[in-house]
Amino acid sequence: MANPIPEIHRVAIVTHPQIPESVAVAEQIRAYLEGSGLEAYHTLLQDETLEAQVKQGLIDLVIALGGDGTMLRAGHLCAPGKVPILGVNFGRFGFMIEVQQEQWLDLMPRLLHGEYWLEKRMMLFAELFHDGRQVGQWDVLNEVVVGRGKEIHPVQLVTYLDHQFLTTYVADSLIAATATGSTAYALAVGGPILPPELRNILLIAVAPHLSIDRAIVLAEGSSVSIIVRTRRDAILCADGQAPVELADGDQVNVHVSQHNALFVRFADPGYFYRNLIPHMSRNPSLGTPQ
């Protein structure tokens with residue numbers, strides 16, 4: 001467990017533009033915090049002013065209202081500046097979120113009195129090289145996916161572990177995930193569930209053809225290099241962001257990031273399993289077709 005935030009003076013409450021119902025709650029939280037003597041304001045997650053303030057160390061806490069996607073974006077924003085994030089769930093799953101919509105008012109006094117702990121979650125750092133030149137880099141909280149594009153045809157993914165040849169996957173794609181990401185795409189393709197405090201890298205192929213079809217759990221200090229071999233289109237996708245097109249011979253390197261996401265927690269560490277089991281036994285996406 002990490003130590004609590006020393007002092008909270010300025011709080012940014014962020015909402016996702018596609019979740020309009022979160023705006024009213026965000027304003028209620030803002031009013032509560034201001035009534036308690038804190039400086040607080042509500043903005044959208046993509047606000048450039050917020051990004052600048054986080055980089056300048058002007059924000060002590062970000063309260064993110066949304067789902068796991070909102071938490072991912074908040075993690076990208078806050079991790080470099082070591083700004084903690086308190087999530088309030090407005091999504092369907094909320095694997096990363098402990099606080100539900102109806103709970104925020106009961107938990108605010110505990111936040112103000114320092115009755116919480118900070119959960120540190122490992123991130124990955126991914127680099128893309130084209131013709132030996134770096135053309136992109138990402139800090140990733142869930143996963144990096146390297147694989148085929150629109151055409152339904154497997155690609156060859158020549159994979160190295162700590163600069164030593166591991167194997168060549170023939171598959172739709174290869175996932176390199178954190179423990180946080182083990183409950184995301186990696187879980188959907190049969191990967192193991194890792195406790196969030198683990199600092200391991202999870203490798204698992206999607207639809208492998210006569211290739212390794214088991215997940216591999218790597219140590220924290222490991223590095224993975226993936227070289228794409230294909231005559232068709234291929235892509236890289238980091239934490240579900242817009243895919244980046246890859247060419248034959250492009251290389252993606254993945255290792256542990258220097259940054260960590262910090263999440264505010266009120267329950268004991270066993271919250272993870274209590275939160276996980278209901279999701280596993282009752283999939284919310286089975287409700288309304290998307």
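Strand β15 (residues 234-238) has four of its five residues buried, so this strand is largely enclosed by the rest of the structure; buried means under 20% relative accessible area, exposed over 50%, and partly exposed in between, with a 1.4 Å probe and protein chains only. Helices (H or I, at least four residues) and strands (E, at least two) are DSSP runs, numbered from the N terminus. The model is predicted, so local features need pLDDT of at least 70 and side-chain atom pairs count only at pLDDT 80 or more, while totals for chains, interfaces and linings use all residues. Residues are numbered from 1 along each chain as its sequence is written, and side-chain values use heavy atoms, with hydrogens and water left out.

**Around strand β15**

- Strand β8 (residues 143-148) is joined to β15 by five bridges, and these two strands run antiparallel; two strands pair if DSSP finds at least two bridges between them.

**Strand β3 and its neighbours**

- Strand β3 (residues 61-66) is mostly covered, with six of its six residues buried: Leu 61, Ile 63 and Leu 65 lie on one side, and Val 62, Ala 64 and Gly 66 on the other.
- Strand β1 (residues 10-15) runs parallel to β3 and is joined to it by five bridges, with Leu 65 of β3 as the bridge partner of Thr 15.
- Strand β4 (residues 85-89) also pairs with β3 in the parallel sense, over five bridges, and here Leu 65 stands opposite Val 88.
- Between β3 and β4 the chain passes through helix α3 (residues 68-78) in a right-handed β-α-β crossover, a term that applies if, with the strands pointing away from the viewer, the path from the first strand over the helix to the second runs clockwise.

**Helix α3**

- Helix α3 is mostly covered, since eight of its 11 residues are buried, among them Asp 68, Met 71, Leu 72 and Cys 78.
- The buried residues of α3 pack against α2 (48-55), β3, β4, β6 (117-130) and β17 (251-265), where contact means heavy atoms within 4.5 Å.

**Aromatic pairs**

- The structure holds two aromatic pairs; rings of Phe, Tyr and Trp (its six-membered ring) pair if their centres lie within 6.5 Å, and planes under 30 degrees apart count as stacked, over 60 as edge-to-face and the rest as tilted.
- One of them is the edge-to-face pair of Tyr 32 and Trp 104, at 6.2 Å centre to centre and 85° between the planes.
- Tyr 32 lies in helix α1 (residues 22-35) and Trp 104 in helix α4 (residues 104-112), so this pair ties together parts that are 72 residues apart in sequence.
- Tyr 32 is partly exposed, with a relative accessible area of 25%, whereas Trp 104 is buried at 9%.

**The chain overall**

- The chain has six helices and 17 strands.
- Buried residues make up 50% of its 290 residues, and the C-alpha trace spans about 60 × 40 × 35 Å along its principal axes.
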